[in-house]
Amino acid sequence: MILMLADTLAKEAAGQNLLAIFFAAAITDNILLTRFLGMCSFLSISSQMRASIGLGLAVIFVTACTGAINAALYWFVLIPLERYGVPASSLQLILFIVVIAAFVQLLEMVIERVSLGLYFALGVFLPLITVNCAILGANLFLINKNLTVFEGFVYSAGAGAGWAVAIILMAGIRIRLKTARIPAALEGPGITLIICGIMALAFIGLSGLIK
Amino acid sequence: MRELQIVLIATAVVCGVCTVLTVLLLLAERFIANYGRCTIDINQGARRLEVRGGSPLLGTLMEEGVFIPSACGGKGSCGECKVKVLAGGGPIAPTEAPLLSDQQRTANLRISCQVKVRNDMAIEVPPELFSVREYQAVVERIVDLTHDIKELRLKLIEPGEIEFTAGQYIQLKAPPYAHNEAVYRAYSVASPPDEKDHLELIIRLVPGGICTTWVFEHLTEGHTVSLNGPYGKFRLSDSDREMVWIAGGSGMAPFWSMVRFMKAHNIARKCTYFFGAVRKRDLFLVDELRQLERELDWFTFVPALSGPAAEDNWSGETGLITEVVDRHIADGSNMEGYLCGSGGMIDAAVKVLLKKGIAEDCIFYDKFT
């Protein structure tokens with residue numbers, strides 16, 4: 001359904017509109033299933049549904065915000081500096097990491113002040129997010145794609161949403177796995193990686209749907 | 001020249017962005033994470049503290065001179081710093097959840113190092129904790145008791161004297177060294193309470209242990225150390241029942257304090273002290289205790305080896321300490337049991353004592369964790 005909707009929307013709008021960017025990032029270019037980024041927290045957290053939803057939401061929020069901040073940093077600070085011969089590509093990696101880490105810290109403080117309930121629900125996941133490579137990945141890809149700040153925001157929100165969809169899907173499958181008979185050697189991460197591979201194959205079928 | 005310019009600009013950009021972020025975080029800490037001044041009411045008005053909010057309860061109380069025992073130094077792993085929070089504690093944090101049983105939750109107990117002071121609070125602590133102080137002491141003597149047990153004799157400097165009862169423990173602070181952060185570890189006091197200006201500790205090397213490694217490899221005579229205490233309910237009861245003492249390794253400490261306390265105060269209460277070790281090289285203070293045995297007609301000392309080596313020429317008791325106790329006690333119905341040592345030893349010894357007819361509420365122990 002969503003795919004068809006995305007497809008029609010993509011066709012309706014001439015060229016790349018924001019919705020197409022979003023759905024491309026979330027579905028056809030799913031950061032977890034086509035690039036295998038953010039695997040460590042994916043493998044460990046997807047064993048619990050509640051935690052997966054919490055982490056998924058946190059990733060969406062942090063990816064979207066840092067995407068916009070980093071795109072702004074890139075276009076308004078690093079690109080003007082290229083005049084002096086400093087290649088933007090050599091600085092983006094280190095700066096993006098620092099921005100993500102600082103943003104997560106800041107976010108943690110704000111959430112703790114505003115809503116203690118949300119803080120405790122997310123509290124364990126927020127520090128985990130700092131080292132989630134899917135976020136850094138999304139931030140770097142949007143630069144590769146030459147997206148503007150607002151497009152970058154939409155793209156990274158989509159990438160985060162795609163990551164969240166993948167981990168929630170996997171958590172759903174792993175609930176079923178609890179009652180399945182799995183060879184002892186494949187229990188835990190083993191079978192999860194295999195399923196992840198099959199899901200990735202399914203998502204390959206969607207590639208090219210949205211250009 | 002151009003390369004140098006590029007390197008300088010790149011460095012400046014990275015430093016600049018980092019500085020901006022740092023300033024932002026500092027501002028956030030100043031304004032967002034600022035909880036203002038909060039009052040903490042302890043034991044319904046017994047003490048009221050005016051503190052700066054925003055820090056964990058354990059550390060805040062410590063700064064105000066109220067010491068809650070904690071082994072891990074506030075990392076939320078040992079679960080020993082439980083405090084009754086009557087009001088203002090907020091919801092239970094996920095880091096506390098695994099350390100609290102349902103019973104403890106209904107009793108309003110919280111892990112004080114994981115509860116932040118965010119508003120006015122009302123808490124309850126055992127009143128004896130008010131007498132807990134932070135002490136500075138200088139290491140007067142370090143003696144090797146065995147190959148892996150040392151005796152530490154400390155002279156108190158500030159405050160110069162400590163009040164405690166035989167059997168209580170203190171917490172020694174291991175300062176940060178190598179890659180370790182500061183930690184507090186509990187050690188029973190081995191010296192008798194009459195000697196108010198000195199403390200003796202018996203410390204066994206735990207392989208990989210942060211505090212014991214520090215004591216064994218870094219601490220030397222003349223060093224100044226920090227400690228706080230006294231803590232603990234392990235003490236002689238007020239009855240005159242015959243006593244069975246069982247200890248292993250550094251579990252010697254509280255009994256070494258108790259027997260000298262009893263001698264000094266002429267408490268002639270019948271008492272048999274079973275001390276378990278593996279080989280002769282693991283025994284210590286044997287001559288001193290044998291001497292006391294000769295002087296005091298109410299005191300019997302029974303050292304036992306579980307695996308004496310051939311060269312030990314051991315003619316005393318052999319076997320696990322529980323087996324030795326089993327052989328020596330006929331009827332325990334009017335006795336009290338005091339145990340100090342590792343968890344496994346204590347669990348096994350408690351079983352033996354119960355079998356011998358010692359009532360459960362007459363068995364007291366201090367378990368090493």
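# Helix packing, a parallel sheet and a chain interface

Helix 4 of chain A crosses helix 9 of chain A in a right-handed manner; a crossing is right-handed if the near helix is turned clockwise from the far one by less than a right angle, and left-handed if anticlockwise. The model is predicted, so local features need pLDDT of at least 70 and side-chain atom pairs count only at pLDDT 80 or more, while totals for chains, interfaces and linings use all residues. Residues are numbered from 1 along each chain as its sequence is written, chains are lettered from A and ligands numbered from 1 in the order in which they are written, and side-chain values use heavy atoms, with hydrogens and water left out.

**Helices of chain A**

- Helix 4 (residues 49-81) and helix 9 (residues 149-177) of chain A pack at about 160 degrees with axes 8 Å apart; axes are lines fitted to C-alpha atoms, for helices over the stretch in contact, and angles run from 0 to 180 degrees between N-to-C directions.
- Helix 4 and helix 9 of chain A are therefore roughly antiparallel (an angle over 145 degrees).
- The residues of this contact between helix 4 and helix 9 of chain A comprise 22 nonpolar, seven polar and no charged; Ala, Val, Leu, Ile, Met, Phe, Trp, Tyr, Cys and Pro count as nonpolar, Asp, Glu, Lys and Arg as charged, and the others, Gly among them, as polar.
- Helix 8 (residues 133-144) of chain A also meets helix 9 of chain A, with axes coming within 10 Å and crossing at roughly 145 degrees.
- On helix 8 of chain A the contact (heavy atoms within 4.5 Å) involves A:A134, A:A138, A:F141 and A:L142, and on helix 9 of chain A it involves A:G152, A:Y155, A:S156, A:A159 and A:W163.

**Sheet of chain B**

- Six strands of chain B form an open sheet in the order 15-14-13-12-16-17, with parallel pairing; helices (H or I, at least four residues) and strands (E, at least two) are DSSP runs, numbered from the N terminus.
- Strand 15 (317-318) and strand 17 (363-368) of chain B are the edge strands, each pairing on one side only.
- Strand 12 (residues 242-248) and strand 16 (residues 335-342) of chain B pair in parallel over six bridges; pairing requires at least two DSSP bridges.
- B:M243 has B:E336 of strand 16 of chain B as its bridge partner.
- Helix 8 (residues 343-355) of chain B packs on the sheet and touches strand 12, strand 16 and strand 17 of chain B.

**Interface**

- In the contact between the chains, 25 residues of chain B meet 22 residues of chain A.
- Together the two chains bury about 2100 Å², 79% of it on carbon and sulfur atoms; buried area is the accessible area (1.4 Å probe) that two parts lose on being put together, summed over both.
- B:L25, B:I32 and B:R118 lose the most area on the chain B side, together 24% of what that side buries.

Technical notes
Angles under 35 degrees count as roughly parallel, over 145 as roughly antiparallel, 65 to 115 as roughly perpendicular and the rest as oblique.
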